[in-house]
Number of protein chains: 2
Amino acid sequence: MTQAKTKIMHYSKAPSLPIGDSAPGSTMRWLIDRKNDGAPLYSLRMVEMRPGGNSLKHAHAYEHENFVLSGKGRVLIEDAWHEVGAGDVVFIPGDVLHTFENTGDELFVMLCAAPL
Amino acid sequence: MTQAKTKIMHYSKAPSLPIGDSAPGSTMRWLIDRKNDGAPLYSLRMVEMRPGGNSLKHAHAYEHENFVLSGKGRVLIEDAWHEVGAGDVVFIPGDVLHTFENTGDELFVMLCAAPL
């Protein structure tokens, strides 16, 4: 593992990378991570979704800790949709099926922390 | 440990608790934590500082992953101050001396994730 080192950076300096075909309109910025920053447990990412875009629909053993920064959207957790917007916190435990969608007209932006 | 359970909540629903005499003007909201939510590794907190306020000046074995939401401030890391504002990411590895101060005229608000 990279030795942990102090980092101060505006989020916009991290490249906005396409997540893939299963998450159309969505990109991810890795703000703090294990490989480059030596974060020992958790990576902090920013997910940006264009209107109509969505994140991956999946379940995995690790949890997500999310904080919505801007925009309007909804999150599917197992079989129920929930409206979310700026200032909402979403904790998704491991092994829980989930996906986010941008249901608004502007960019939907959230932080997503996970042990990756 | 509490069994992890899904949580969707606006941050304002979490009480804003004084941090203590060593962090004047600063309060903390526990948004996702181990005790109540069963977060297995990391807690997500929101720190709010009034103008002139500061966070604890300390070093500890665990890291911080911070994201500044609003306001203007500065962070001391070891012996150097760095200006920070909305959208800035700050990663403070374990055992690094640090404190934040609000140097602006408005509330300084940041997320602070840590393995607590």
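Two strands count as paired if DSSP finds at least two bridges between them. Strands themselves (E, at least two residues), like helices (H or I, at least four), are DSSP runs numbered from the N terminus. With that in hand, here's a sheet that takes strands from both chains: seven strands form an open sheet in the order E1(A)-E8(B)-E5(B)-E10(B)-E4(B)-E3(B)-E2(B), with antiparallel pairing. E1 of chain A and strand E2 (17-18) of chain B stand at the edges with a single partner strand each, so one side of each has no neighbour in the sheet.

This is a predicted model, where local features need pLDDT of at least 70, side-chain atom pairs count only at pLDDT 80 or more, and totals for chains, interfaces and linings use all residues. Residues are numbered from 1 along each chain as its sequence is written, chains are lettered from A and ligands numbered from 1 in the order in which they are written, and side-chain values use heavy atoms, leaving out hydrogens and water.

**Confidence**
- Chain A averages a pLDDT of 96, and 99% of the residues score at least 70; pLDDT is the predictor's confidence in each residue, from 0 to 100.
- The model comes with an ipTM of 0.95 and a pTM of 0.96.

**Where the chains meet**
- 38 residues of chain A are in contact with 38 residues of chain B (heavy atoms within 4.5 Å).
- About 2,900 Å² is buried between chain A and chain B, with carbon and sulfur atoms giving 73% of it; buried area is the accessible area (1.4 Å probe) that two parts lose on being put together, summed over both.
- A:Ile8, A:Val89 and A:Phe91 supply 23% of the area that chain A buries against chain B, more than any other three residues.
- Between chain A and chain B, the salt bridge count is zero.
- By class, the side of chain A that touches chain B has 25 nonpolar, seven polar and six charged residues (Ala, Val, Leu, Ile, Met, Phe, Trp, Tyr, Cys and Pro are nonpolar; Asp, Glu, Lys and Arg are charged; the others, Gly among them, are polar).

**Strand pairs**
- E8(A) and strand E1 (residues 7-10) of chain B run antiparallel, joined by four bridges.
- In that E1(B), B:His10 stands opposite A:Asp88.
- Within chain B, six bridges join strand E3 (residues 26-32) to strand E4 (residues 43-49), again antiparallel.
- B:Thr27 has B:Glu48 in E4(B) as its bridge partner.

**Salt bridges**
- The whole structure holds six salt bridges over all chains (a side-chain nitrogen of Lys or Arg within 4 Å of a carboxyl oxygen of Asp or Glu).
- A:Glu101 and A:Arg74 form a salt bridge through their side chains (3.2 Å, N to O).
- That pair links distant parts of the chain, with A:Glu101 in strand E9 (residues 98-102) of chain A and A:Arg74 in strand E6 of chain A, 27 residues apart.
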